[in-house]
Amino acid sequence: MKKLLLLTVTVLFSMGIVLAQQPTNGAPTKQSNNCAHHCGNCPHHRSSATKQQSAVNADGIAMEIVHVFPTAKSVRNDGKYISVYDVSKTLLGYAVYSKPYSDGIKGYNGETPLMIAFDKNKKIIAVELLANNETPKFVKIVKDAGFFKSWNGLSPKAAYKKKVDAVAGATYTSTAVIKSLQAAMNDLR
């Protein structure tokens, strides 16, 4: 009986500590980022998402750029484009990020920021979805459909104008990607 009483007191005490950390409206406190809902829309999720930066390689180049240009050794921001160079300073191509142009464009669970890679003639060679809060299942549906290749070979103007259908089963995610890409291309055309 004493063990049961001790266990009950321990459990109630633990629950009291957990409940004391949460305000009565269920929102997380400013002291704790350990909320149960992981929505991506409460203040501490939004602030951590905006602080999130791309991983970089030893040369300081964003990994999404290295994924498309494996021999990249340096980059230079030329205003609208990021020029990508190899070790001998030969131009490999260009990269453009949809942010900040796509700020506010949301998919199923939040924004869908992109990196769009171009060849030396400024034709799209890859569209990469960056860190996001979309449901991995929906992102996989979009990738498996070959959706991100829809703009390959197009100039910024042609990519902006191209009508691409959303992917069934991942409509919100694919529609947000289309809008994010168009927002970035609008600035380049």
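E111 and K99 form a salt bridge in which the closest N and O atoms are 2.8 Å apart; the term salt bridge stands for a side-chain nitrogen of Lys or Arg within 4 Å of a carboxyl oxygen of Asp or Glu. Both E111 and K99 lie in the loop between β3 (91-97) and β4 (114-118), so the pair ties together parts that are 12 residues apart in sequence. Strands such as these are DSSP runs of E with at least two residues, while helices are runs of H or I with at least four, and both are numbered from the N terminus. This is a predicted model, in which local features need pLDDT of at least 70 and side-chain atom pairs count only at pLDDT 80 or more, whereas totals for chains, interfaces and linings use all residues. Residues are numbered from 1 along each chain as its sequence is written, and side-chain values use heavy atoms, with hydrogens and water left out.

How exposed are the two partners? E111 is partly exposed, with a relative accessible area of 27%, and K99 is partly exposed as well, at 37%. Here buried means under 20% relative accessible area, exposed means over 50%, and partly exposed lies in between (1.4 Å probe, protein chains only).

The structure holds five salt bridges. One of them joins the side chains of R76 and D78, at 2.6 Å from N to O. R76 is partly exposed, with a relative accessible area of 46%, and D78 is also partly exposed, at 38%. Another salt bridge links D144 with K140, whose closest N and O atoms are 2.6 Å apart. These two residues both lie in helix α4 (residues 136-144), four residues apart, or about one turn of the helix. D144 is exposed, with a relative accessible area of 56%, whereas K140 counts as partly exposed at 49%. Elsewhere, salt bridges that share partners join K99, D103 and E111 into one network.

Next come some details of the backbone. Most residues other than glycine have a negative phi, and most peptide bonds are trans. K99 is joined to P100 by a cis peptide bond, with omega at about 10°, and P100 lies in the loop between β3 and β4. K89, a residue other than glycine, has a positive phi near 65°. K89 lies in the loop between β2 (82-85) and β3, where this lysine is exposed, with a relative accessible area of 58%. K122 is not a glycine either, yet its phi is positive, at about 60°. K122 is found in the loop between β4 and β5 (124-129) and counts as partly exposed, at 29% relative accessibility.

Leaving aside neighbours within four places in sequence, W151 is in contact (heavy atoms within 4.5 Å) with I124, V127, A159, K162, V164, V177, I178 and L181.

S180 is found in helix α6 and is buried, with a relative accessible area of 0%. Which residues does S180 contact, leaving aside its neighbours within four places in sequence? The partners of S180 are S98, S102, I105, T112 and L114.

Finally, the second largest pocket has a volume of about 280 Å³. On a 1 Å grid over the protein atoms alone, a pocket is an open set of points with protein on both sides within 12 Å along at least five of seven lines, and lining residues have an atom within 4 Å of a point. The volume is the space filled by probe spheres (1.4 Å probe) set on the points, which are joined across faces, edges and corners. This pocket is lined by 13 residues, and V127, E128, K143, F148 and K149 lie nearest its centre. β5 gives the most to the lining, with five residues. The lining divides into seven nonpolar, three polar and three charged residues; Ala, Val, Leu, Ile, Met, Phe, Trp, Tyr, Cys and Pro count as nonpolar, Asp, Glu, Lys and Arg as charged, and the others, Gly among them, as polar.
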